[in-house]
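Try each task yourself, then read the solution.

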Amino acid sequence: MAPPQQQQQDPTHVNPSYAIDYEMIFQHAPVGMCISSNRVIQSSNLALAAMFGYDRGMLDGQSFAVLYPTMDEFLRTGDRIVPIMNAKGRYSDERIMRRGDGELFWCHVTGRSLNAAEPLGAGVWTFEDVSEKRPVTAELTPREREIAALLVEGKTSKVIARETDLSPRTVEMHRAKLMRKFSASTSSELVHKLVGVAR
């Protein structure tokens, strides 16, 4: 007697007895994640708390300001995010952030607005610690940290001046200070040192 023909499984079929636990996935994701509203963290996962040196749930209800070196940097970054979110619906950069113990580190940040009409309203954000390949190797002022982050993105002094409401001359002054602090003889060498290619 021939064995009964095996029924092929439909790859799009989901077993109704198996429920996807989205909260567990969110909490155990290998990258720092949070849900925010008006730049206040509504819910954060384990990786985000650990990255910034907090216990589980301690960041919930906190302003993103606690993750920045200074309040000024928090406010200026928010001003820079809005037009980009309005144009693209998402935002991404690498910037220097602050752990709970005060340590500064480079972090890759990506966010997406859930409502195009409210760029800083409800959103989903991810954070990746890139300090191993890009250590903070010099004492920088808040404005120098901002200029450094924009230089890493490959932006020119003219573009940086427009995005930061500074004059190109002032941006060049900050670039010159960064070159001295990182012992870089050219702008290209400065960027290499900022991204950790040469130290």
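**Exercise 1: one arginine**

R175 is buried, at a relative accessible area of 12%. Buried means under 20% relative accessible area, exposed over 50% and partly exposed in between, using a 1.4 Å probe and protein chains only. A word on the source: this is a predicted model, where local features need pLDDT of at least 70 and side-chain atom pairs count only at pLDDT 80 or more, while totals for chains, interfaces and linings use all residues. Residues are numbered from 1 along each chain as its sequence is written, and side-chain values use heavy atoms, with hydrogens and water left out.

Task: Find the helix that holds R175, and what R175 touches.

Solution: Start with the helix: R175 sits in helix 6, residues 168-181. Helices (H or I, at least four residues) and strands (E, at least two) are DSSP runs, numbered from the N terminus. Next, skip residues up to four places away in sequence; R175 then touches L151, T156, S157, S187 and L190. A contact here means heavy atoms within 4.5 Å.

**Exercise 2: the whole chain**

Task: Work out how many helices and strands the chain has, and in which pattern.

Solution: Count seven helices and five strands. Then read along the sequence to get α-β-β-α-α-β-β-β-α-α-α-α. Finally, check the burial: 41% of the 199 residues are buried.

**Exercise 3: cysteines**

Task: Decide whether C34 and C107 are buried or exposed, and count the disulfides.

Solution: C34 is buried, at 0% relative accessible area. C107 is buried too, at 0%. As for disulfides (cysteine sulfur atoms paired within 2.5 Å), the structure holds zero.
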